[in-house]
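Subject: Structure handover

Hello,

The structure you asked for is below. My notes on what was found follow it.

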Amino acid sequence: MAPATKPGTDRTRAAAATRAQGVRSAWPAVTGLLLLLVSSLAGAPTAVAGDDYPAGSRIEWKDFDPTLFARSRAENRPLFLYFHGQWCTWCRDFQEESLEHDDVVDVIRRGYIPVLIDLDRRRDLFTRYGGRGLPFVVIVDARNAVRGRFTGHVGPEDLARVLAERRRQISVTGRELSPSDEPIASADAFLEMLDQVYDPRTRRLSGSAMFGTLSKRPQPWTLAFLLRQDAWSERMPELLDQATQDLWDPEEGGFFFFYDPDQPDRARALETSKRLDQNAAFLWLFADAYRRFGNEAYRQVVERNLDYLRIHLWDPEQQRFYSSQYSDGFYYAQPMAVRRNLSPPPVDRTTYADASGQAIAALVRAAEALDDPTLLEWAGTALEGLERHLRSGNEYLHALPPDGPPELAGYLPAQVWPGIAWNLHATAADARDGDIEQTLLEAVSSYLDPDLDAYRERRTDAFEPWVETRTQAALTWWLARLPADAIERADVDPKRVHAQVIIPPGTDPDDAALGFWALDRQ
């Protein structure tokens, strides 16, 4: 475990990156500046290997365990659930400036049971408690009732005051909701909303509608849905070009995690982590865009994105994908000639079944778009690795950590996305051996909850059952590709799934886009 990053490190690196940007613009004309810049970087802050919080923390963090609720009751101390990601820049700022502040450490020690939760390892908990972004804090009492919840970097003074007063504080992304707000529940309504939020000036889906302001998160699945709408054919090139301008790394390839166009300081607007699931979604999108428009620029994005995945997030020996590469604003602000003299951001070597399924499915889409059978072979190899590493009985487990056995059974996304991958690969390879896919589909039936009348996110007694739109949308897309007799044999009811493809006010429209795509196609 590496020591925690010192406060101010990222701001120092960001300032250095801003200075380097000025050098970068003059790079072709001032070749001698390279040696001077590299020399100056020798004394600049470098990436801490992993930035593995909680190393060095003064808070006695616990792993999440349901038995903590009994302890909470006995000690009359609520649980302080902190969701983070090692790849998350804002989490590092929050940790250094707020969580490790003397006043906050003191109030947490005296009044709370602190629980540290990795978003990716326990995405089920993240969605169960309503998480939409990082950093994410939830205060829950001994009865597992939410007493407070907030997303983002809360300053140390405000955080200490809220915790000391045990004040109820609920914050959500977006505008306040009213009783008259209705969810979006059809492809037509989805298209109507997207037409309202399309902003031709910024070339983004970022305006406001009666539904509310569209999420600032990237929207690859929404763009993939719109790619199939003839009415959007003239708008799509601008939307795709803006997405690459916002998120694409022109030096090493790969899409960054997040860009906030309303933040004037680009060093703070761009979250430079690169996640497997998001890069898979963009790979799928640009592969389809190349097939639709034949634009060579899209082909180049696909090819370079494949190179990025192959070099950084793929283990050819173990035949598995890693989950993410950490953020490092300083490193990514440099041209490649400088990056070669720096240590690249570390990689989280955890493998996740759902993200791997997305990556494999995207490989198949790219293989078809580029007419490249080697990509189909890569997808088949990755499917074999998924079987070897994460199969348990008739299902897949959620995660394979780099330092332990596979974990988390009974997670619906871990069945749905591999099922999509098996389906796409079998169809493209013209070798429909549906045994594994049918087995996964039959496993889905075991997630049916009679009280919800829906397929729940986790098959567990530890929590009240719940449903996630993103999973239901992907399941809808998978079911739309299957013959009716296969669905009937698996005892899965598509109508129950379709009923969950909705966008409640205040949630991310991109979560439902795959489902609306499938329903619109039907």
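Angles under 35 degrees count as roughly parallel, over 145 as roughly antiparallel, 65 to 115 as roughly perpendicular and the rest as oblique. Axes are lines fitted to C-alpha atoms, for helices over the stretch in contact, and the angles run from 0 to 180 degrees between N-to-C directions. Helices (H or I, at least four residues) and strands (E, at least two) are DSSP runs, numbered from the N terminus.

This is a predicted model, in which local features need pLDDT of at least 70, side-chain atom pairs count only at pLDDT 80 or more, and totals for chains, interfaces and linings use all residues. Residues are numbered from 1 along each chain as its sequence is written, and side-chain values use heavy atoms, with hydrogens and water left out.

Confidence: pLDDT is the predictor's confidence in each residue, from 0 to 100. The chain averages 87, and 85% of the residues score at least 70. Residues 1-50 have a pLDDT below 50, with 68 contacts beyond near neighbours in sequence (contact means heavy atoms within 4.5 Å). Residues 168-180 are also below 50, and that stretch has 20 such contacts.

Helices: α12 (residues 276-293) packs on α16 (residues 353-370) at about 20°, and the axes are 8 Å apart. The two are therefore roughly parallel. The contact of α12 with α16 has 14 nonpolar, two polar and five charged residues (Ala, Val, Leu, Ile, Met, Phe, Trp, Tyr, Cys and Pro count as nonpolar, Asp, Glu, Lys and Arg as charged, and the others, Gly among them, as polar).

For α19 (residues 435-445) and α20 (residues 469-480) the angle is about 135° and the axes are 13 Å apart, so this pair is oblique. Glu437, Leu440, Leu441 and Val444 of α19 meet Leu475, Trp478 and Leu479 of α20. By class, six of these residues are nonpolar, none polar and one charged.

Strands: two strands pair if DSSP finds at least two bridges between them. β3 (residues 136-140) and β4 (residues 146-151) are antiparallel, with five bridges, and valine 138 has arginine 149 as its bridge partner in β4. Five residues lie between the strands of this hairpin, where asparagine 144 has a positive phi near 65°.

An open sheet of three strands runs in the order β12-β15-β16 with antiparallel pairing. β12 (274-275) and β16 (347-348) are at the edges with a single partner strand each, so one side of each has no neighbour in the sheet. In β16, valine 347 is the bridge partner of glutamine 325.

Regards
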